[in-house]
Every structure is written in structure tokens, then in C-alpha cells.
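Subject: A structure for you to look at

Hello! Here is the structure I promised to pass on. Please open it and keep it beside you while you read the rest of this email.

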Amino acid sequence: MRGILASSIGVTCAAALALPLAPPATAAAARTAPTADAATRAAVTAQPDVPGSTQSLPLRTLTHDRASGAAVLGLAPRAVRHFSLLGVVWDDPAAELHGRVQVRTRAAGGAWTGWQDVETHYADHGADPGSAEAASDRVRGATAPLWVGESDGVEIRVQPEPGDHGADDSPAVPPSGLRLELVDPGSAAPPAGDAVVEAVDDAADDLAGGAAGGAADEVAGGAVDEAGDGPRTGVMSAAATAASAANDGLAPLGATEIPALTGEQTRQELLTLRGSELTEQQRAKPYIGPRPAIVTRRGWGADESLREKQFVYTGKVKAAFVHHTASGNNYSCSQSPSLIRGFYRYHVRSLGWRDIGYNFLIDKCGRIHEGRAGGVAKPVKGAHTFGFNTNTTGIAVIGSYGSTKPPSSAVKAIARLTAWKLGLHGMNPRAKTYLKSGGGNLYRKGMKVRLNVISGHRDGFNTACPGGKLYRKLGTARSTAARYQGR
């Protein structure tokens with residue numbers, strides 16, 4: 001999600017950094033540490049949260065760039081507790097990191113990887129300006145999260161971007177309080193395997209095309225249980241109960257998945273959910289796509305104690321914004337719940353948001369997951385498109401799709417989800433609608449903007465999200481969603 005106006009694409013280090021491989025040092029567990037010894041003691045004695053944990057390591061000066069003399073921040077190679085996702089945060093959410101962030105990690109008990117770039121622009125995500133969520137003193141600036149898989153070692157360097165960021169044409173000054181966040185997403189019930197995910201995807205496609213629901217429901221419900229992702233036992237917390245109860249009428253309390261419905265079942269459900277709001281013509285012929293199967297928060301293992309307790313709703317869902325997570329494509333579909341738990345913890349604990357920012361997440365096998373809590377059929381207000389979170393829903397495809405073509409299963413899932421979600425509010429996926437801007441770098445606050453009912457993130461903010469390859473597939477998603485609605 002690199003911002004186009006402030007892009008650092010193409011920036012290269014002015015000189016190679018000769019960083020010796022120092023003996024591994026134990027990482028700090030605390031967010032701040034007065035001394036290195038204190039940080040080491042904290043890491044040794046701290047017990048990770050259950051499930052998951054976050055290690056927060058302040059970045060320090062490693063060396064100076066030979067050409068500009070600017071400080072290069074980072075951390076020398078070191079051993080740390082196990083983690084799978086990382087990102088860099090800083091104190092001021094309005095500040096930008098102008099520079100190149102590179103990391104390399106060590107696979108748990110294995111070898112070091114090569115250097116990887118971390119997407120530095122993430123301000124285009126988040127709550128709308130002036131909202132209570134955005135005004136919280138917990139909110140921080142951040143890079144996009146990067147999924148690296150289970151690792152136990154890390155090295156990072158932040159190279160300042162040269163250019164006219166200062167009065168004397170000096171390199172950009174990095175934001176204060178730079179810290180590396182290492183996220184362990186924790187474990188949850190075993191997720192469905194890739195083959196099962198594909199079977200569910202195929203079944204949902206059959207439903208969308210009007211196939212009878214019996215056999216497809218058997219695949220969508222039974223196959224997942226065979227993979228070990230059946231109903232969990234034990235007492236649910238009050239927060240977990242509330243999150244699950246928000247989907248009352250769609251699935252039983254504690255369900256790990258909201259099952260797919262046939263077209264007729266979905267139309268009957270629409271009359272139950274919103275019948276009193278529909279016109280006579282809408283009741284006679286509602287345009288809505290069959291409800292797809294959706295993995296619940298309980299299904300992907302959300303620790304409901306992390307988020308704020310209350311749910312926040314907007315009005316009518318008039319549009320859907322499509323994103324990518326910019327977290328890389330090196331994951332299997334069976335790992336999707338772990339990635340989502342990582343995003344969730346990063347958004348809440350590291351960035352200070354009230355909950356995960358997206359309303360829905362789709363993996364590369366087309367599996368749809370519930371995002372921000374409050375009920376998948378309800379107009380939950382997310383933090384996904386800075387300035388346009390009101391009257392919209394945010395859908396993120398897990399991965400990076402600037403130069404990588406999105407899988408057809410993911411594009412179909414966008415169409416299935418929007419055909420249903422937008423259909424609940426009578427919206428035509430091929431149409432345009434007016435949204436009121438909450439402020440941003442494209443549209444001033446209060447401006448009424450005409451946008452596609454299915455838009456890409458870049459339509460509301462000057463950003464590369466959802467990646468050029470995915471953005472070019474939105475036309476297909478619009479026409480397919482309209483067909484699923486019967487238009």
C-alpha cells in the first residue's frame with residue numbers, strides 16, 4: 001500500500017552496509033527499556049500472552065550512510081522468542097517514514113533468509129480523521145505487516161530516503177520512537193487444509209450458480225470438521241460470547257463458520273433481516289447473491305480480550321473497498337488463521353486500533369473470514385480506508401498484488417461476498433454511489449464523491465493499494481457479483 005505521492009519505490013541504499021554478524025542477543029520484551037541488560041532480563045523472564053505475544057524492540061543507530069551522513073537505524077542480528085509476523089511502528093500516527101525498511105529473519109532452528117523490503121506506507125489505512133478511534137492516544141504510525149513464518153532471529157535496517165525533505169536538501173528525518181514489533185499469532189484449533197478450502201470454494205460457486213444446496217452444504221460443513229476445525233469445547237468468555245452472538249440468526253452461538261446458503265434461502269433470510277425496510281418491489285424481487293460460507297472470529301481463533309468491548313456501527317453499506325494486506329504471498333491457505341491473528345494483534349496492540357481494521361479478509365484460496373467484530377450482516381464500521389469508513393465495508397485479500405496476479409478463487413470470493421453484503425442494502429455492484437469524505441489526500445473533508453459501489457482502496461486515497469494486478473480484476477468482480485445478484 002505504498003502511497004503514490006510519497007513513494008519510496010526505487011530508493012536504494014547509497015552505500016552497502018557492512019554489518020557484522022554479532023553474537024545473538026536476547027531481545028527485549030518491553031516496549032521501552034532503559035538499558036540493554038534490563039531488556040535482556042525482561043525477555044528471559046517474560047511469559048508470552050496466551051494466545052500469542054508481541055515483542056517490541058527499540059531501533060538504534062547502526063551506522064551512518066557514507067554519502068549523506070544520515071544515521072541508519074536498526075538492529076544487529078539477534079535471537080528472539082518465536083514470532084511469525086513483523087512491522088515497524090512509531091509514536092506519531094501523522095508522521096511518515098520516508099526511507100527503505102529491510103529485514104531478514106532466521107527460520108526457527110534454521111537458516112537466515114535474504115533481505116526483504118517492508119512496505120512503509122500504511123497511513124492510508126485506519127479510522128477516519130476526527131473519529132474517536134483515530135483520536136485515541138494509543139494510535140501509532142506503522143509500516144504494513146510482513147508475514148515471515150515461524151522465526152527465532154531477526155535483523156533490520158532503516159535507510160533514510162534522500163531528497164528535499166529538509167530546508168538544506170538533507171535526507172528525511174525518521175519519526176521518533178521507531179520500534180520493531182515481532183508478533184507471535186499464537187495457536188488455535190487446527191484450520192482446514194488447502195484441499196478442504198478448495199472444496200468449500202467450489203461448493204460456494206455451485207451455490208452462487210443456483211445449484212441445489214444439500215450436497216454443497218454437506219461439503220461446506222462436514223469437510224471442515226473432518227479437518228479438525230469443528231466446534232470447540234469449554235466456556236466462552238463474555239467478549240467471545242458477544243462477538244459470536246452478533247451473528248445470531250446466521251449461525252449457532254460458538255460456531256466456527258457461518259454456512260453458505262442457496263439463493264432462495266438467502267432471499268428468505270433477507271426478508272427476515274431487513275423485510276420491514278424493503279419496498280414492495282424489493283420484497284417481490286430482491287437482488288442479492290447467495291450468502292457465502294464465512295469463517296467466524298472464533299473460527300480463526302480471535303482472542304476477544306484484545307479488542308475494545310463495544311461494537312461501532314455505521315449506516316447503510318453503500319460501497320465496498322477492496323484492499324490487499326501487502327504482507328507477502330509466502331503462506332499456505334492452512335496458515336490463513338495465523339496470519340489473521342497476527343494482523344489482529346498488530347492492529348490492536350501495536351497500532352492502537354479498537355479491533356482489526358478490515359471487515360472481511362479473503363485468502364488466496366478464496367476462503368472468506370469475518371474481520372472486525374459486530375456481525376457480518378450488520379454495518380460494522382471498520383478502519384480500512386482513511387476518510388471513507390462511513391457507510392462502507394472493507395475487504396482485504398491476504399497477500400501482495402502489485403506485481404503478482406491474484407488467484408481467480410480470491411476474485412470470485414470478492415464477487416460472492418459483495419453480491420451478498422451489498423445486496424443486503426440494495427446496492428448494485430456495477431453501479432456508482434456518492435460517499436461523503438471524512439478527509440484524506442484525494443478528497444477534502446465533507447466533499448461528496450461519486451465512486452464505484454465496488455472500489456479499490458486507491459479510489460478513495462492516493463495509494464497503490466490494492467496493488468495494480470488486483471485492481472485490474474475489480475471490473476470482473478463487479479460483473480460477476482451483479483450476475484450472482486440476478487441482475
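This is a predicted model: local features need pLDDT of at least 70, side-chain atom pairs count only at pLDDT 80 or more; totals for chains, interfaces and linings use all residues.

Let's begin with the cysteines. The model holds one disulfide. Its partners are Cys 333 and Cys 365, with 2.0 Å between their sulfur atoms. The link is right-handed, with 90° about the S-S bond. It ties together distant parts of the chain, 32 residues apart: Cys 333 sits in the loop between β11 and α9, and Cys 365 in the loop between β12 and β13. Both Cys 333 and Cys 365 are buried.

Now for the backbone. As a guide, most peptide bonds are trans, and most residues other than glycine have a negative phi. Some spots here go the other way.

The peptide bond that joins Cys 465 and Pro 466 is cis, with omega at about 15°. You will find Pro 466 in the loop between β17 (454–456) and α11 (468–471). Is Cys 465 buried or exposed? Cys 465 counts as buried because its relative accessibility is 0%, and the cut-off for buried is under 20%.

For Ala 326, phi is near 55°, and for Asn 391 the value is about 60°. Ala 326 belongs to the loop between β11 (319–324) and α9 (336–350). Its relative accessibility is 11%, so Ala 326 counts as buried too. Asn 391 lies in the loop between β13 (368–370) and β14 (392–397).

Enjoy exploring, and write back with any questions!

Methods. Residues are numbered from 1 along each chain as its sequence is written. Side-chain values use heavy atoms; hydrogens and water are left out. Helices (H or I, at least four residues) and strands (E, at least two) are DSSP runs, numbered from the N terminus. Buried means under 20% relative accessible area, exposed over 50%, partly exposed in between (1.4 Å probe, protein chains only). A disulfide is a pair of cysteine sulfur atoms within 2.5 Å.
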